[in-house]
Amino acid sequence: MNGEAGIPAAAEVQAMAADNVLQIFGLRKTYGTLTVLDGIDLEVRRGEVLCLIGPSGSGKSTLLRCVALLEKYQGGLIALDGAPLGVEMRRGRLHEMSPGRMRQQRIKMGMVFQHFNLFAHMTVMQNLIEAPLKVLGLTRDEAVERARQLLRQVDLAQKEDAYPSELSGGQQQRVAIARALAMQPEVLL
């Protein structure tokens, strides 16, 4: 252990990462005096599909937002492929990473939000190619080809020129899934 209760040393995390793509050790998240997550441990194997089930307000979305580095957490450790997320060891202590390094880690994770968060002023195709163009640096042709392939996979090839308001809720959800997959993440939340 590295000194923090329940958090394994870096070498232990890397050794456990052989089969696990995602590891969570002792995760703790609070909002003021309200503790939402307390001592969460989780290992997700490569290729595994895992469902979080629980009542509204039980912390499911908060857990996913912590993994995606969209929420700061107060204790524990999250690792992707054996590398700690959002923190790094300096002089024997964990410190928050710079925003630039966190952005590099976020690229490895895709997230489908509860309310999809599609850009209403953009077509389905524009929603799918925006991040691959701007973040991954793909050419327009590469991004469009990737988007078309994903739209075929989610059975929405005929909707590439539609706007989100022209789609059903289920269709919007499938577009959001395709958009997340367009970044070829290691983990999809």
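The legends below describe close-up views of a predicted model. Residues are numbered from 1 along each chain as its sequence is written, and side-chain values use heavy atoms, with hydrogens and water left out. Local features need pLDDT of at least 70 and side-chain atom pairs count only at pLDDT 80 or more, while totals for chains, interfaces and linings use all residues.

**View 1. The open sheet of four strands.** The strand order is S2-S1-S3-S4, and the pairing is antiparallel. Strands (E, at least two residues) and helices (H or I, at least four) are DSSP runs numbered from the N terminus; two strands pair if DSSP finds at least two bridges between them. S2 and strand S4 (83-84) are the edge strands, each pairing on one side only. H2 packs on the sheet and touches S1, S2 and S3, where contact means heavy atoms within 4.5 Å. The direction of H2 makes about 115° with that of S1; axes are lines fitted to C-alpha atoms, for helices over the stretch in contact, and angles run from 0 to 180 degrees between N-to-C directions.

**View 2. Strand S1 and its two partners.** S1 and S2 run antiparallel and are joined by 9 bridges. They form a hairpin with 2 residues between them, and Gly 32 in the turn has a positive phi of about 65°. Opposite Arg 28 stands Asp 38 in S2, and opposite Lys 29 stands Leu 37 in S2. With S3, S1 pairs in the antiparallel sense over 5 bridges; Phe 25 stands opposite Leu 77 in S3. Because 9 of its 12 residues are buried, S1 is largely enclosed by the rest of the structure. Buried means under 20% relative accessible area, exposed over 50%, and partly exposed in between (1.4 Å probe, protein chains only).

**View 3. The largest nonpolar core.** This core has 22 residues, and those with the most contacts inside it are Leu 27, Val 67, Ile 78 and Met 109. A nonpolar core is a set of buried Ala, Val, Leu, Ile, Met, Phe, Trp, Tyr and Cys residues joined through side-chain atoms within 4.5 Å. Strand S1 (20-31), strand S2 (34-45), helix H2 (60-67) and strand S3 (75-80) each supply at least two residues; S1 gives the most, with 4 residues. Leaving aside residues up to four places away in sequence, Leu 27 touches residues including Leu 37, Ile 40, Leu 63, Cys 66, Tyr 73 and Ile 78. Apart from this core lies another, of 20 residues, among them Leu 138, Leu 167, Ala 176 and Ala 178.

**View 4. Helix H5 and its buried side.** The 14 residues of H5 (residues 140-153) should span 20 Å at 1.5 Å a residue, which agrees with the 20 Å between its end C-alpha atoms; the expected span is 1.5 Å times one less than the number of residues. Ala 143, Val 144, Arg 146, Ala 147, Leu 150 and Leu 151 are buried. They cover an arc of only 165° around the axis, so they lie on the same side of H5; the arc is that of the directions from the helix axis to the C-beta atoms. Helix H4 (124-134) and helix H6 (169-181) are among what covers these buried residues. The face turned away from the buried side carries the exposed residues Asp 141 and Gln 153.

**View 5. Two loop residues with positive phi.** Leu 69, in the loop between H2 and S3, has a phi near 60°. Leu 69 counts as buried because its relative accessibility is 8%. Arg 91, in the loop between strand S5 (87-90) and strand S6 (93-96), has a positive phi of about 50° although it is not a glycine. At 81% relative accessibility, Arg 91 counts as exposed.
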